[in-house]
Amino acid sequence: MRQHNQEELFKRTCDIIRPGLLQRETPLIVGAGSGGARVAEELVRSGISHIILADLPDERLLEHNIIRHPLGYRDLGRLKTEAVRDRLLDINPACQVEIHGLDFAEDRELAEHLLRKATQCHSCVDNDKARYAINEMIVENHVPAFFAGVFDGGVGGEVIRVMPGGPCYACVASMLNRSPRFEQDRDESFDYSDPDQDQYRSTAALNIDISQIALVHARVALNTLMEKYELEGGSPMEGNYVLFGNRQSAPLFPSMLHCETWQVQKADDCMVCSGLNEADCASQADEIMASATVR
Amino acid sequence: MTLANDKRRLVLENAAMRERWGDGPQLCQDAAGTKLWWEHTISVEGNRLPIKIEYPSSYPSSPPDIVIATALPRNPGQHMLGGNRMCWIYPNETRRNKNKWNPSRDTAAMCVSVATQWFLAYLVWDATGDWPVPDAVN
Ligand SMILES: [Zn+2]
């Protein structure tokens with residue numbers, strides 16, 4: 001490997017973020033696909049020197065992934081986590097990248113273990129089951145988290161920031177699902193077709209559409225760090241929800257590059273982040289279990 | 001963590017079910033005390049359908065399974081999934097949709113309404129050959 005010089009590497013960025021400043025930060029990135037790989041790359045380029053990268057076990061780079069992924073043919077067939085790790089080390093060889101095969105919704109033990117080491121969590125997954133699993137666990141472990149999603153067709157996307165004690169992803173999703181702004185996107189009919197067939201289908205979007213949202217995601221995360229370290233230029237983010245339009249798509253996005261930041265409130269009755277605490281309901285839960293019929 | 005270990009959620013689930021459906025649904029557990037489900041009988045115009053509402057290990061990130069606990073007179077094809085589960089999960093999750101499962105407010109109590117709607121659709125289909133597609137509840 002070629003010799004590298006950290007000072008030289010960060011020569012053009014050190015006036016904004018001093019190298020070494022973010023050394024105590026360990027972002028956990030869940031998903032090494034087109035979004036996650038880019039978020040990881042931006043964080044490393046911004047001076048993050050320790051990353052935990054997780055993706056589903058045996059998630060490999062396939063040919064149809066290449067056109068929307070920072071990796072290319074030389075990594076075809078490799079585990080995405082391994083290939084993205086190598087890419088990150090190619091950008092900053094001093095970076096420590098820990099990789100894991102993890103189904104966040106099913107392997108709670110490993111997920112919790114990783115979250116305990118993480119200072120930020122990035123949800124770069126493509127399905128609600130995983131998002132909600134991440135949400136539950138970051139709320140429980142008080143880890144700041146960022147959730148990004150690209151809308152169908154790549155017309156735009158969203159980034160949700162969840163800070164400890166604040167509204168959780170489920171609170172925000174619940175509000176958005178009722179928002180008239182998304183009316184045209186709704187299909188009110190009750191679908192009885194097979195839920196398994198389409199559930200994990202990838203969003204149709206161009207590489208540039210996904211990259212744009214991944215950049216917004218990385219920027220929101222970075223800004224959160226700049227706020228934390230009181231860096232110049234880290235202006236407080238006024239809200240927890242960023243809606244970003246890549247292309248014009250009325251009525252959601254009146255023009256291309258349309259951007260809004262909203263403050264979505266915590267739902268008082270949110271069953272994930274509000275209300276009862278574990279200790280208060282222990283005896284009641286025991287009673288419920290004792291009265292449940294054993295079959 | 002299974003629901004049996006998630007005391008907070010268990011209390012909320014039980015309260016939601018009791019508030020909405022009274023003492024009708026019966027909470028059951030396996031011998032090991034790790035799996036939990038509700039047993040209930042749906043009634044639509046004199047027709048009865050016993051169901052189980054099962055909590056998956058990834059609950060509440062994924063919704064409960066609604067299992068038809070009897071042999072139906074006719075097989076409803078695509079409207080019934082493997083393991084005699086009712087098909088009711090909205091499949092296209094790239095869109096905002098009010099019918100989508102959300103663990104911040106949805107509980108197994110909602111599944112009783114969903115199952116009632118499904119049973120109604122089944123009965124209409126049985127009589128007319130057409131599966132109606134009504135709005136989802138909640
Ligand atoms: Zn919440």
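Helices (H or I, at least four residues) and strands (E, at least two) are taken as DSSP runs, numbered from the N terminus. The model is predicted, and local features need pLDDT of at least 70, side-chain atom pairs count only at pLDDT 80 or more, and totals for chains, interfaces and linings use all residues. Residues are numbered from 1 along each chain as its sequence is written, chains are lettered from A and ligands numbered from 1 in the order in which they are written, and side-chain values use heavy atoms, with hydrogens and water left out.

In chain A, the loop between strand S4 (120-123) and helix H6 (128-141) contains Asn127(A). With a relative accessible area of 10%, Asn127(A) is buried (buried means under 20% relative accessible area, exposed over 50%, and partly exposed in between, with a 1.4 Å probe and protein chains only). The side chain of Asn127(A) is joined to that of Asp126(A) by a polar contact of 3.2 Å. A polar contact is a pair of N or O atoms within 3.5 Å; within protein, one must be able to donate a hydrogen and the other to accept it, and residues adjacent in sequence count only if both atoms are side-chain atoms. A polar atom of the Asn127(A) side chain also lies 3.3 Å from the backbone nitrogen of Lys129(A).

The zinc ion is coordinated by the SG atoms of Cys168(A), Cys171(A), Cys270(A) and Cys273(A), at 2.2 to 2.3 Å. Donors are N, O and S atoms within 2.8 Å of the metal (3.2 Å for Na, K and Ca); water is not among the atoms, so sites may look incomplete. Along the chain, the donors follow the spacing C-x2-C-x98-C-x2-C. The angles among the 4 donor atoms are 96 to 123°, and the site is tetrahedral (four donors with all angles between 85 and 135 degrees). Both Cys168(A) and Cys171(A) are buried.

Over all chains, 11 aromatic pairs are found; rings of Phe, Tyr and Trp (its six-membered ring) pair if their centres lie within 6.5 Å, with planes under 30 degrees apart counted as stacked, over 60 as edge-to-face and the rest as tilted. Trp118(B) and Trp131(B) form an edge-to-face pair, because their ring centres are 5.5 Å apart and their planes stand at 65°. This pair links distant parts of the chain, 13 residues apart: Trp118(B) belongs to helix H2 (residues 108-128) of chain B, and Trp131(B) to the segment after H2. Trp118(B) is buried at 0% relative accessibility, and Trp131(B) is buried at 13%. The rings of Trp125(B) and Trp131(B), with centres 6.0 Å apart and planes at 55°, form a tilted pair. One aromatic cluster comprises Trp118(B), Phe119(B), Tyr122(B), Trp125(B) and Trp131(B).

Terms used:
Tetrahedral: all angles 85-135°; square planar, octahedral: opposite > 155°, others 65-115°.
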